[in-house]
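Biologist: I have a model on my screen and would like to go through part of it with you. Could we take it piece by piece?

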Amino acid sequence: MRLAALLAAAAVALAAPGFAKDAPPTERDPIEQARSVKLANELRCLVCQNQSIAESNAELAVDLRRQIDEQIGAGKSDREIVDFMVARYGDFVLYRPPLKATTLLLWGGPLLLLAIGTLVGWRVLRGRQAKTDERPLTDEERGEAERLLAAARANREGA
Amino acid sequence: MNKFVIPLAVFAILLAFLFVGLSLNPREVPSPLVGKAAPAFQLAQLHKPDAAFSHKDMAGKVWLLNVWASWCVACREEHPVLVDLAKANVVPIVGLNYKDKPDEGRAWLKQFGDPYLLSVMDRDGRVGIDFGVYGVPETFLIDKQGVIRFKQIGPVTRDVVNKKILPLVRELEKQS
């Protein structure tokens, strides 16, 4: 009985720090949190250019994440927040830049390359097909083929 | 002969692309702010923390806004250039002390010389964000109407001063 009580006391004592370590409940609305993360994922960090500002720990990225949070808190729409960033840092901050005259090649490039590849492939295949076109043998060719076959047969029988 | 023309042409084009690519600096992102009005700001001065300074105080003047910090290594590199430019007395330079501790900022200017008309403190970097600052140092040339005319990303060199900033300052000074 005493042992059980001791064990229980030990369990409580051991568990207590566990409770203490629990993360404090965030006051943020989970929907706002999700919006903030989504926006941060779509914006490029200009300091470490191959990371989004969600991934980067550069100071600027931290500041920009704070900006996003503040603007969401102020009731700004996603569109307005993205526009805020683009007005300051240009289309370069967007991982999905808008389609316009200066980005036409960027968006159309892959399609253009696909079209060129298809055209080249088609032409190569056509050329190859033309070379292997089947046509009946001429009498001359048939005679030659038969002569060769007969020679081969005679060779085999002789050996 | 004909067989080699197309692959050679493709190769030449590829080479041209790669060559141009080599000479581009991916860290220099063209600012959308050039040609637009400089963002409004009002900040406390580094040397007179009780006094404020706003973009309006420079209205009607051609001026430079130089973003600097005592923790910024490249700023040391450009600093002598700015000190010389200030001595020439052709264009006032305002310093934006970006995300710096005021004491360290002041000590830094004491050590290396102060080319600034005055410096303002942007301790949390908000004005920096408004100016699209992503790497210190950055320098903006602002005209009499308060429009940004030129932006230098990275240290200002003597070459940039002589070839870009000074000619543009002279031109902008002529405008009313």
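Biologist: Which residue follows H3(B), and what is its phi near?

Modeller: This is a predicted model, in which local features need pLDDT of at least 70, side-chain atom pairs count only at pLDDT 80 or more, and totals for chains, interfaces and linings use all residues. Residues are numbered from 1 along each chain as its sequence is written, while chains are lettered from A and ligands numbered from 1 in the order in which they are written. Helices (H or I, at least four residues) and strands (E, at least two) are DSSP runs, numbered from the N terminus. After H3(B) comes B:Gly113, with a positive phi near 100°.

Biologist: Which residues of helix H3 of chain B are buried, and why do they count as being on the same side?

Modeller: A residue is buried if 20 or more other C-beta atoms lie within 10 Å of its own, exposed if 12 or fewer, and partly exposed in between, with C-beta atoms placed from the backbone. In H3(B), residues 102-112, the buried ones are B:Gly105, B:Trp108 and B:Leu109. They share a side because their arc around the axis, taken from the directions from the helix axis to the C-beta atoms, is only 95°.

Biologist: And which residues are exposed on the other side of H3(B)?

Modeller: An α-helix has 3.6 residues a turn, so residues three or four places apart point the same way. On the other side of H3(B), the exposed residues are B:Asp103, B:Ala107, B:Lys110 and B:Gln111.

Biologist: How many residues of E4(B) are buried?

Modeller: B:Ile93, B:Gly95 and B:Asn97 point one way from the strand, B:Val94, B:Leu96 and B:Tyr98 the other way, and all are buried. E4(B) is therefore largely enclosed by the rest of the structure, its buried residues being six of the six.

Biologist: In which sense do E4(B) and E5(B) pair, and over how many bridges?

Modeller: Two strands pair if DSSP finds at least two bridges between them. B:Gly95 stands opposite B:Ser119 in E5(B). The sense is parallel, and the number of bridges is five.

Biologist: Is B:Lys99 buried or exposed?

Modeller: B:Lys99 sits in the loop between E4 and H3 of chain B, and its phi is positive, near 45°, though it is not a glycine. With 20 other C-beta atoms within 10 Å, B:Lys99 is buried.

Biologist: Which residues does a cis peptide bond join?

Modeller: Most residues other than glycine have a negative phi, and most peptide bonds are trans. Here omega is about -5°, and the cis bond joins B:Val136 and B:Pro137.
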